[in-house]
Amino acid sequence: MGDGSRLEIIILAAGQGSRMRSSKPKVLHALAGKPLLAHVLETARGLKPDTIHVVVGHGAEAVKAATHGQDLTFHHQAEQLGTGHAVACALPSCHSEATVLVLFGDVPLMSGTTLARLLKENPTHPTMLAACLDDPTGYGRVLRDENDGFAAVVEQADATERQHSVKEANTGVLAAPAQLLSTLLASVGNDNAQGEYYLPDALALAVGQGIPVGIVVTDDPHEIAGVNDRIQLEALERDLQHRLADALMRTGVAITDRRRVDIRGDLQCGQDVEVDINAVFEGRVILGDGVRIGANCFLKDVVVGADTEIQPFCHIEGASIGVGCRIGPYARLRPGTELAETARVGNFVETKNTVLGSGSKANHLAYLGDTRVGENSNIGAGTITCNYDGVNKHPTTLGAGVFVGSNSTLVAPVTLADRAFVAAGSVVTDEVPEENLAVGRSRQRNVSGWKPPGTGEG
Ligand code: UD1
Ligand code: CA
């Protein structure tokens, strides 16, 4: 029997998830920007187990690739013969004295606290986690004996009309001594509606042998929710997003509508941050005090300094934005963009691997790629850096106080020194020295007395 000192976690992730109707293995579908399995692994790691086993089958290669580099022991379940069979695939490599904790790859939000409670219950006996649900449709139901102890789990497909009215659901999570679980599973049959080896049947066998089975009940339907189809996935996503939004609001963030915000990663906010509707945050995003995010913005891996305003419809990725900047509406900041304090990037401006110095502006319709701009420079409307010659990328360097007139083309590599001034419509191919005016365009010629075609004689 296990003495509780060694913990091995078995995560079941071999099922196809046929109800998702997807070519992707179910456990790789994303919840809050992360695969379902990644949520389970994070919780599992929090319990500091000696080993984490993952039972894979359907899409095994994809699942392994998605967890590449993590310290996991994989077991291949060639045919998905049921949850009991899946656990039996991993058990032979568990230490016989270990306590085994079984988690399902499609139940992503189990709380570490609940699992710790389950593990503390009785290390020498099996213990299962149950939950009372308003609508337990689809879950196995927990049947109790006359003393209110565990008797069995009956699956939805096998349950009688009366058993369907039972509100207590099997979460799938259980803890048991490895050796005992192994012995019990060897006797589980597959004579049921689905022709599968059911894991909970091992618990009923234990009771039959006089081994009591503990039941820990959680009252949080959120943490036990399983994802079997896209409707359940959507419901769980919205539920999780509401919780994330509520947590932010409790720390002082103003969120216009908790139903219209999506956090798919780690979002850290200072005080008095405002987030308007339909903002999507991915990866790691840090917003300083007083930052305002307008409607319909997408931010991925971005740091935003205090009091910066991001106006509606901006797409920002891999950027570092200083204090007091103004961006958008309709700006696209690509990876490697760095804006110093009070810089401005306006509508239909795209930046990539570009640094804008303090107080510099690119307010309208420009492309700045591989560009360094000093302080207080102004990039006119329609300015384009030609940074790519079809093979290599070349840099454009602008000093401080530079003025680039509208519709100019800066052909990289090229340098414009401090206070250089470029006449509108120029094509700049050579360096512009300090305080020089560059006029890189043909002169205007007027033809007097000219008549448009069809209006003259002859
Ligand atoms: C299972 C439980 C049910 C419980 C519910 C909780 C069984 C028989 N039923 O039902 O009592 O209420 O979870 O969410 O245990 N898997 C494998 N190999 C297999 C079969 C399944 O690895 O051969 C994996 C799946 O990938 C999935 C998990 O086990 O991650 C659960 O399987 P699923 O078919 O979704 O079981 P449910 O019908 O949801
Ligand atoms: Ca399931």
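Two rings of Phe, Tyr or Trp count as an aromatic pair if their centres lie within 6.5 Å, and planes under 30 degrees apart make the pair stacked. By that rule, the count in this predicted model comes to three aromatic pairs. One of them joins Phe313 and Tyr330, which are stacked, with 4.9 Å from centre to centre and 5° between the planes. This pair links distant parts of the chain, 17 residues apart: Phe313 is in the loop between β18 (309–310) and β19 (315–321), and Tyr330 is in the loop between β20 (326–327) and β21 (332–333). Phe313 is partly exposed, with a relative accessible area of 39%. Tyr330 is also partly exposed, at 39% relative accessibility.

Another stacked pair is formed by Phe403 and Phe421, with 4.7 Å between the ring centres and 15° between the planes. Here too the pair links distant parts of the chain, since Phe403 belongs to strand β28 (residues 403–404) and Phe421 to strand β31 (residues 421–422), 18 residues apart. Phe403 counts as partly exposed at 34% relative accessibility, and Phe421 counts as partly exposed at 40%.

Phe313 and Tyr330 also belong to one aromatic cluster, together with Phe348. A further ring, that of Tyr388, has a charged side chain over its face: Lys393 lies there at 5.1 Å from the ring centre.

Strand β17 (residues 298–304) pairs with β19 in the parallel sense over six bridges. Within this pairing, Val303 has Ser320 of β19 as its bridge partner. Strand β19 also runs parallel to β21, to which two bridges join it. His315 stands opposite Arg332 of β21. A parallel pairing over three bridges connects β19 with strand β22 (residues 337–339). In β22, Glu338 is the bridge partner of Ser320. Ser320 therefore has a bridge partner in Val303 as well as one in Glu338, by the bridges that define strand pairing. In a regular strand, side chains alternate between the two faces of the sheet.

The cysteines are the next topic. How many disulfides does a search of the whole structure find? The search finds zero. Cys89 is in no disulfide, and the nearest cysteine sulfur, that of Cys94, is 12 Å away. A disulfide needs two cysteine sulfur atoms within 2.5 Å. Cys325 is likewise too far from another cysteine for a bond, because its sulfur is 12 Å from the closest cysteine sulfur, in Cys314. Is Cys325 buried or exposed? Cys325 is buried, with a relative accessible area of 2%, whereas Cys89 counts as partly exposed at 23% relative accessibility.

An α-helix has 3.6 residues a turn, so residues three or four places apart point the same way. Just after α1, Lys48 takes a positive phi of about 50°.

How values were computed:
Residues numbered from 1 in each chain as written. Chains lettered and ligands numbered in written order. Predicted model: local features only at pLDDT ≥ 70, side-chain atom pairs only at ≥ 80, totals over all residues. Heavy atoms only, no water. Helix = DSSP H or I, 4+ residues; strand = E, 2+ residues; numbered from the N terminus. Buried < 20%, exposed > 50% of the residue type's maximum accessible area, 1.4 Å probe, protein only. Phe/Tyr/Trp six-rings, centres within 6.5 Å; stacked < 30°, edge-to-face > 60°. Lys NZ or Arg CZ within 6 Å of the ring centre and 35° of its normal.
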